Amino acid sequence: MADTVQYKLERMIDELDDLERKGIFTRREIAEIVKQRRKFEYRLKRPSPLKQDFLAYIDYETQLDSLRRLRKKSVARELEKQGDKRRRNKKSLSDFAGISRIVDIYRIAVTRFKGDLELWFRYLEFCKDKKNGRMKKVLAQLIRFHPKVPGVWIYAAAWEFDHDLNVSAARALMQNGLRVCPHSEDLWVEYLRMELTYLNKLKERKAALGEEKENVVHDYDMLLDEERGNDDGSNAGTEVSGKKLNLFQEKGMSILETINTGAVEALPSSFGLRKRLLEILEATGLAHSEEMRKKMLCDMKRDFSREPEYWDWLARLEMTGSKSVSEMRVTLALPQLQKAIQVYEEALQFVPSPVMFNLYIKFLIDAIAPEGENEPSKVSSPTEDYIPHLLVVYEKADMGGCMTEDLACQYVSLYLQLGRLDEARKLADRLCSGKLSDSEKLWILRASMEMKSFTDDSSAPSKDDLQHVLGLLRSALTKVSLSKAEDLWLMALKCFAKDKKYLDKLVETTLISVAKDGGSDDGFSLSSAIVNFMLQKDGIHKARKAYKRYLALPHPGLAFYRRCIELEVDLASAGDRDCLANARKLYESALATYGQNVTLWQDYRKMEIKLGTSETANAVCWRARKTLKNSAAFVAAPDL
């Protein structure tokens with residue numbers, strides 16, 4: 001290895017001598033360059049060099065070459081002042097050695113890491129930037145190693161087309177790529193764009209040079225590859241209704257039709273490809289474009305009539321053309337909206353699915369409600385007439401068995417936004433009694449809707465109302481887990497805050513729920529919420545009485561223990577010694593269940609250090625080391 005590195009360094013002597021002779025680097029700087037290159041060469045000669053080793057060497061050589069160019073310009077200015085222009089412009093070995101060395105490093109790197117596409121493209125960008133004449137060779141190597149990567153063919157064709165100006169080579173690369181990767185959407189789309197771009201360049205050439213149309217199009221025909229055969233040539237220059245159309249538009253349409261046919265045959269189930277090809281058609285002014293558009297839409301309907309995505313796209317296309325709903329919101333025309341609705345209605349005949357209803361409803365909401373406005377009740381545009389139609393669509397989804405949990409919540413919320421509270425209540429009651437009886441979101445919405453009507457009302461709720469809400473809440477508990485009903489419980493506490501009798505019943509309900517599901521070790525804790533409420537409403541004594549009831553349950557949860565400890569520690573910090581004793585009891589009770597929780601032991605010791613004595617703190621530390629299986633984690637804990 002040392003002999004190889006020494007041999008490479010000796011081959012740099014002529015270059016280094018040239019740099020010193022020109023005055024670009026001093027002898028000390030050259031010694032430092034040799035030292036750095038030796039270090040990098042040894043890294044590359046290791047049994048398993050890393051990719052980062054190559055990249056670091058390349059970065060160093062790139063920076064060194066940039067410095068050399070700056071120094072050379074400075075030396076050239078000095079020579080110009082002296083009048084030695086001939087020597088100033090003369091090139092020598094050092095002008096080429098740096099680039100050559102970087103190319104060699106890249107060549108070794110891509111040989112070592114053949115599968116690293118990022119490294120390959122970095123190599124290609126370097127060659128393209130330096131214009132060292134190696135692009136074709138590197139591209140050929142990349143294609144040989146990665147023929148199944150569509151991006152490689154696209155990159156190679158783009159370079160041939162844009163930089164080397166070789167249209168025939170670019171077309172050959174695209175066609176070879178399509179043979180190897182016939183299922184690549186990007187390849188088909190980029191191939192079509194390339195052909196149309198070239199045709200547009202020929203059109204501009206004709207306009208600039210004033211050549212005859214037939215000659216320019218004939219030039220294009222001569223450049224087309226054999227795979228197009230005689231079909232393209234026979235289609236060009238045809239006459240429709242006795243009128244001679246623009247030959248460029250004819251040729252462009254022929255190209256698009258040929259490529260579209262091949263793409264559809266290769267990817268018959270790709271809806272995204274069809275959309276992209278149609279977008280290209282609409283962006284170009286080709287002959288017979290309307291007929292071709294109708295044909296493509298007809299084929300799409302034939303192949304994707306069972307896909308909800310297709311119908312949603314078609315409806316939005318009917319209303320907005322190639323623009324989105326938000327872009328057309330200001331100039332929305334009711335006839336266009338009606339056409340889109342007809343498309344959705346037709347879609348329901350083909351695909352009566354929850355997904356289709358969801359897309360239909362989303363479209364109507366986007367069209368009815370102004371941008372940034374989520375409440376249809378505030379709509380003042382002519383589209384307000386379609387709010388009843390939106391309700392009809394919801395009803396169709398319900399009657400057709402396509403009502404999902406999300407759609408049901410949207411349905412109820414729409415009635416609420418329209419201010420029709422009674423209908424919203426009846427609907428929620430019916431949905432919760434039907435096949436969506438297990439829907440957690442719907443039960444939460446229903447219960448929160450009932451309680452919100454009481455909390456928003458200035459008058460106090462009646463006993464019957466409170467009893468109704470309490471029964472509804474108990475029914476919801478059988479369907480909804482505690483972890484997902486945080487807002488519901490907080491709203492319930494607010495609703496029953498002024499009535500002690502029903503508040504006590506609510507607390508009894510929570511006890512049953514916590515005993516059934518257990519407390520949470522992290523996140524929302526219902527028992528903690530009750531204790532916090534009691535603390536704010538009735539003070540520490542009621543809160544302490546409440547938390548003792550929850551602690552008597554089988555599994556109150558670590559989060560609840562922490563909240564109770566926090567409450568007692570805060571009071572102990574104010575000087576209440578009884579609260580410190582209560583906090584210790586809570587820690588002991590928690591450790592009986594969570595004895596392997598390192599953080600709990602650490603918090604216990606911190607409390608003793610802050611509020612207790614050194615003896616109690618040391619006792620906690622000793623017990624923790626004896627109890628914890630991973631005692632090292634406790635010893636290594638910070639701030640202890």
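Helices (H or I, at least four residues) and strands (E, at least two) are DSSP runs, numbered from the N terminus. On that basis the chain has 33 helices and two strands. This is a predicted model, in which local features need pLDDT of at least 70 and side-chain atom pairs count only at pLDDT 80 or more, while totals for chains, interfaces and linings use all residues. Residues are numbered from 1 along each chain as its sequence is written, and side-chain values use heavy atoms, with hydrogens and water left out.

A nonpolar core is a set of buried Ala, Val, Leu, Ile, Met, Phe, Trp, Tyr and Cys residues joined through side-chain atoms within 4.5 Å. The largest such core holds 183 residues, of which Trp 313, Val 412, Phe 496 and Leu 506 touch the most other members. Helix α11 (residues 185-209) gives the most to this core, with ten residues. Beyond its neighbours within four places in sequence, Trp 313 is in contact (heavy atoms within 4.5 Å) with Phe 271, Lys 275, Leu 278, Leu 297 and Met 300.

Helix α11 also meets helix α14 (residues 247-266): their axes, lines fitted to C-alpha atoms over the stretch in contact, come within 10 Å and cross at roughly 175°. The two helices are therefore roughly antiparallel (over 145 degrees, on a scale from 0 to 180 between N-to-C directions). Among the residues making this contact are Trp 188 and Tyr 191 of α11 and Phe 248 and Ile 255 of α14.

How values were computed. Buried means under 20% relative accessible area, exposed over 50%, partly exposed in between (1.4 Å probe, protein chains only). Angles under 35 degrees count as roughly parallel, over 145 as roughly antiparallel, 65 to 115 as roughly perpendicular and the rest as oblique.
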